[in-house]
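Hi,

Here is the structure I promised to pass on. Have a look at it first, and then read my notes below.

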Amino acid sequence: MSNKDLAAKNSGYMTLANVNIGDMIAEELDGLEVRFEKIKIPSAGSTFFEIEDENGESAGVAEFSGVIVYQHPLHCYYKTKYTGGNNPPDCGSFDGINGIGDPGGLCKKCPYNEFGSAENGAKACKNRRRIYVLREGELFPLLLSLPTGSLKEFTKYLKRLLS
């Protein structure tokens with residue numbers, strides 16, 4: 001096979017190699033609301049994860065596997081004690097850097113993001129982590145929101161991956 005034939009054969013692949021798939025998906029979904037299905041962590045003595053499907057129905061599974069494709073910090077502060085439900089926080093941050101709402105501003109300088117600002121020496125602003133998990137055979141990742149109590153173990157996991 002000549003170099004010219006090889007170049008022609010690889011031109012389709014090379015074209016795709018320079019494409020930003022994320023931009024293509026964003027363009028295709030422009031104007032549509034994309035909602036990630038969720039994985040709920042077992043709570044109150046349960047040993048099953050709840051994995052939501054496209055209809056919002058949940059199925060319990062003892063374990064699941066996938067690849068973490070993205071993760072980011074998430075902070076939320078409620079002036080009064082959070083009691084559940086879909087109430088938005090008084091202040092929140094999807095990047096762990098800038099809080100939006102009351103009090104707002106830089107998270108690292110916020111007095112509510114310091115230990116001792118809540119009961120029992122805890123932080124009034126709850127630090128969480130959102131993890132996007134892609135399971136085999138699926139196109140869109142599932143969303144797993146790690147609670148504050150799981151951050152230490154997740155940090156250990158990331159350290160092991162990076163070393």
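A quick definition before the first finding: a surface patch here is made of residues with over 30% relative accessible area and no salt bridge, and like charges are joined within 9 Å. Keep in mind that this is a predicted model.

With that in hand, Asp23, Glu27, Glu28 and Asp30 form a negative surface patch. One of them, Glu27, sits in helix H2, which covers residues 21-28. Glu27 counts as exposed because its relative accessibility is 66%, and the cut-off for exposed is over 50%.

Helix H2 also holds Ile25, and that residue belongs to another kind of patch: Ile25, Val34, Leu139 and Phe140 make up a nonpolar one on the surface, with about 370 Å² of accessible area together. Ile25 itself has 36% relative accessibility, so it counts as partly exposed.

Now the rings. There are six aromatic pairs in the structure. Among them is Tyr77 with Tyr112, a stacked pair at 4.2 Å centre to centre and with 20 degrees between the planes. Tyr77 is in strand S4 (residues 67-77) and Tyr112 is in the loop between strand S7 (105-106) and strand S8 (125-134), so the pair ties together parts that are 35 residues apart in sequence.

Are these two tyrosines buried or exposed? Tyr77 counts as buried, because its relative accessibility is 7%, while Tyr112 is at 31% and so counts as partly exposed.

Last item: Phe36, Tyr70 and Tyr132 are linked into a cluster by ring pairs.

Cheers

Technical notes: Residues are numbered from 1 along each chain as its sequence is written. This is a predicted model: local features need pLDDT of at least 70, side-chain atom pairs count only at pLDDT 80 or more; totals for chains, interfaces and linings use all residues. Side-chain values use heavy atoms; hydrogens and water are left out. Patches are made of residues with over 30% relative accessible area and no salt bridge: like charges are joined within 9 Å, nonpolar side chains (Val, Leu, Ile, Met, Phe, Trp, Tyr) within 5 Å. Accessible areas come from the Shrake-Rupley method with a 1.4 Å probe; for residues, only the protein chains shown count as cover. A salt bridge is a side-chain nitrogen of Lys or Arg within 4 Å of a carboxyl oxygen of Asp or Glu. Lys and Arg count as positive and Asp and Glu as negative; His and the chain ends are not counted. The place of a charge is taken as NZ of Lys, CZ of Arg, CG of Asp or CD of Glu. Helices (H or I, at least four residues) and strands (E, at least two) are DSSP runs, numbered from the N terminus. Buried means under 20% relative accessible area, exposed over 50%, partly exposed in between (1.4 Å probe, protein chains only). Rings of Phe, Tyr and Trp (its six-membered ring) pair if their centres lie within 6.5 Å; planes under 30 degrees apart count as stacked, over 60 as edge-to-face and the rest as tilted.
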